[in-house]
Amino acid sequence: MNALEVKDLTKYYGKSRGIEKVNLRVQEGEIFGFIGPNGAGKTTTIRLILRLIFPNHGTIKIFEKDLREYGEELRNEIGYIPGEVNFYPEVTVKDFLEYTARFYKTAEKSYVEKLCRNFSIDVKKRFRELSMGNKKKVAIVQALMHKPKLLILDEPTNGLDPLIQNLLFEILKEERKKGVTVFFSSHILSEVEKLCDRVALIKDGKILRTEKIDDLMKQKYKIVKLKTDENPGTLKSVLQIKDFKSENGTTSFIYYGLIGDLIKKLSGLKVNDLWIEDPSLEEIFISYYKEESK
Ligand SMILES: Nc1ncnc2c1ncn2[C@@H]1O[C@H](COP(=O)(O)OP(=O)(O)OP(=O)(O)O)[C@@H](O)[C@H]1O
């Protein structure tokens with residue numbers, strides 16, 4: 001079943017573009033990354049899914065139900081962790097969580113208490129007394145308290161120290177084991193790489209592509225570095241190569257093609273040392289963005 005299906009979703013803020021014809025399909029139980037640079041349209045898409053703003057065009061279905069028609073019912077199925085957390089400074093965590101729990105049929109007091117214990121949250125504190133990371137932890141409890149089936153996170157690791165980040169990732173993995181679907185926006189590629197099954201790349205309000213992380217990482221190209229006393233320039237004419245650099249006996253380039261062909265060609269040279277690496281997810285993205293803006 002699709003946990004989330006977005007079709008031709010378009011949002012303009014007056015004349016300025018938010019997103020255009022965004023299409024997404026997230027399967028139940030997936031951790032799905034939504035990746036893009038600043039201003040790409042991630043938050044706009046998330047706000048539309050949360051019904052905080054409304055589209056000019058297009059549809060959103062959650063668990064196969066149209067959000068326009070079943071918005072109220074679907075609210076209970078969704079948990080949301082915002083990028084920036086702002087609470088009333090004078091309110092205590094306890095009062096806040098009790099208040100929020102009233103909006104959900106499935107938020108049980110004992111579960112909220114358990115979550116607070118897991119996160120070592122001091123519920124007696126007022127928000128003005130909490131650090132950014134601790135506020136974020138409260139936001140995570142708020143998002144999980146009603147045991148939602150779809151978790152939506154907008155740049156969730158903003159302002160979190162590595163310990164709390166890890167805790168959040170562990171929680172997301174636990175939630176996934178329970179069958180929860182996670183939709184997760186980010187521009188930090190390493191965290192997406194660690195966690196997500198698939199990713200969609202968004203830029204200038206449009207989806208560039210949607211890929212499995214494994215497929216992205218299996219991209220055809222390799223980063224090659226070698227040391228040779230001979231002239232490596234001949235490689236340029238026989239191999240599909242980009243960014244060729246050769247200095248002081250060290251040569252590096254990006255190679256597109258079959259690895260067997262590369263090895264055959266290299267065997268014609270007296271190679272003293274050799275490194276062949278997969279590109280990082282970051283390098284893959286940069287090359288996609290470059291390709292698309294040609
Ligand atoms: N309230 C608004 N009024 C006018 N334009 C807006 C508004 N909110 C967003 N935009 C515009 O919509 C586009 C998409 O912005 P959005 O915040 O969705 O991007 P984002 O991918 O979440 O970026 P970031 O990573 O910087 O948060 C941008 O061009 C932005 O300037």
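**Reading a sheet, a shell and a domain contact**

Modeller: Strand S11 (residues 221-228) runs antiparallel to strand S13 (residues 250-256), and seven bridges join them. Strands of a sheet pair through backbone hydrogen bonds, either parallel or antiparallel. Pairing requires at least two DSSP bridges between two strands. Strands (E, at least two residues) and helices (H or I, at least four) are DSSP runs, numbered from the N terminus. This is a predicted model: local features need pLDDT of at least 70, side-chain atom pairs need 80 or more, and totals for chains, interfaces and linings use all residues. Residue numbers start from 1 along each chain as its sequence is written.

Biologist: Which residue of S13 is the bridge partner of valine 224?

Modeller: Phenylalanine 253.

Biologist: In what order do the strands of the open sheet lie?

Modeller: The order is S12-S13-S11-S14, four strands with antiparallel pairing. Strand S12 (241-247) and strand S14 (271-277) are the edges, each pairing on one side only. From one strand to the next, the twist averages 15°. Such angles run from 0 to 180 degrees between N-to-C directions of lines fitted to C-alpha atoms, for helices over the stretch in contact.

Biologist: How is the protein chain divided into domains?

Modeller: Domain 1 covers 2-77 + 149-216, domain 2 covers 91-145 and domain 3 covers 220-277. These bounds come from an automatic or database assignment. The centres of domain 1 and domain 2, over C-alpha atoms, are 23 Å apart. Seven residues of domain 1 and nine residues of domain 2 make the contact. Contact means C-beta atoms, placed from the backbone, within 7 Å. On the domain 1 side, four residues are nonpolar, two polar and one charged. Nonpolar means Ala, Val, Leu, Ile, Met, Phe, Trp, Tyr, Cys or Pro; charged means Asp, Glu, Lys or Arg; the others, Gly among them, are polar.

Biologist: Which residues surround the ligand?

Modeller: Among them are Tyr13, Ser16, Lys42, Thr43, Thr44 and His187. A residue is near when its C-beta atom, placed from the backbone, lies within 6 Å. Strand S2 (16-27) and helix H1 (42-49) each give two or more residues. H1 gives the most, with three. By class, the shell has two nonpolar, nine polar and one charged residues.

Biologist: Why does glutamine 165 count as partly exposed?

Modeller: Because it has 17 C-beta neighbours inside 10 Å. Buried takes 20 or more other C-beta atoms within 10 Å, exposed 12 or fewer, and partly exposed lies in between. Glutamine 165 sits in helix H6 (residues 162-177). Setting aside residues up to four places away in sequence, glutamine 165 touches Thr157 and Leu160.

Terms used: Two residues are in contact if their C-beta atoms, placed from the backbone, lie within 7 Å.
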